[in-house]
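Here is my note on the model, point by point. Please keep the structure open while you read.

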Amino acid sequence: MDADPPFVPLAGGCRCGQVRFRLETPPIITHCCHCHLCQKTSGAPFRVNLMIETERLSVLDGEPRPFQGANSHKTFRCPACGLSVWSHHPHLGEAIAFVGVGMLDEGERLAPEVHYFTRSKHPWVVLPPGVTAFEALGDPGKAEARARIEAALAKAGAGGAMRAWTRGGAPD
Ligand SMILES: [Zn+2]
Ligand SMILES: [Zn+2]
């Protein structure tokens with residue numbers, strides 16, 4: 001059996017460069033969401049986020065500041081340019097971070113493994129043939145991703161969060 005090639009850490013940062021960060025392992029999963037909230041917050045037809053255990057996201061430079069918007073995800077922003085560097089989903093808490101792949105220097109290394117909320121996908125957006133996609137939410141069928149999320153939540157003492165997540169409010 002061939003071993004996986006070693007992971008080359010993905011680095012990224014805010015617009016002004018004051019905040020720099022690095023993913024120490026491959027993400028849990030990379031997903032593309034076409035829901036109305038992602039459209040609203042990105043100002044675009046969809047948003048592509050990766051999920052990773054927050055403890056595997058190293059801040060190399062700068063001090064991102066927490067910002068809790070009303071009825072929204074908690075985000076960590078660059079104090080200088082104001083860009084959101086990562087966010088936390090209310091159902092999963094701070095053990096799991098969501099990072100927009102556009103924040104990475106080489107975001108093109110991460111193609112979405114799953115598409116959510118295709119029911120509100122803009123009609124001109126054509127998905128690659130064979131990609132896993134759901135009208136709303138669904139199980140992407142990546143056992144390792146589920147195990148990593150459960151482990152991170154258990155470690156944070158938030159075991160109930162995974163049930164809330166799979167029941168369906170997320171990742172809106
Ligand atoms: Zn900045
Ligand atoms: Zn969404």
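**Notes on the fold**

1. Start with one pair of residues. Phenylalanine 21 has valine 59, in E5, as its bridge partner. Strands (E, at least two residues) and helices (H or I, at least four residues) are DSSP runs, numbered from the N terminus.

2. A word on the source. This is a predicted model, in which local features need pLDDT of at least 70, side-chain atom pairs count only at pLDDT 80 or more, and totals for chains, interfaces and linings use all residues. Residues are numbered from 1 along each chain as its sequence is written, while chains are lettered from A and ligands numbered from 1 in the order in which they are written.

3. Now the sheet around that pair. E2 and E5 pair in the antiparallel sense over four bridges. Two strands count as paired if DSSP finds at least two bridges between them. The open sheet has three strands, in the order E1-E2-E5, with antiparallel pairing.

4. What is the pattern of the protein chain along the sequence? The chain reads β-β-β-α-β-β-β-β-β-β-β-β-α-α. That is three helices and 11 strands. The radius of gyration, taken over C-alpha atoms, is 16 Å, close to the 16 Å that the globule rule (2.2 Å times the number of residues to the power 0.38) gives for 172 residues, so the chain is as compact as a globular protein of that length.

5. Next, the inside. Buried residues make up 33% of the 172 residues. Buried means 20 or more other C-beta atoms within 10 Å of the residue's own, with C-beta atoms placed from the backbone. The largest nonpolar core has 35 residues; Trp86 and Ala97 are among those with the most contacts inside it. Such a core is a set of buried Ala, Val, Leu, Ile, Met, Phe, Trp, Tyr and Cys residues joined through C-beta atoms within 7 Å.

6. Leaving out residues up to four places away in sequence, alanine 97 touches Ile52, Thr54, Leu57, Trp86 and His88. Contact means C-beta atoms, placed from the backbone, within 7 Å.

7. One residue deserves a check. Phenylalanine 117 has a positive phi of about 55°, although it is not a glycine. Most residues other than glycine have a negative phi. Phenylalanine 117 lies in the loop between E10 and E11 (132-133).

How values were computed: Buried ≥ 20, exposed ≤ 12 C-beta atoms within 10 Å, placed from the backbone. Contact = placed C-beta atoms within 7 Å.
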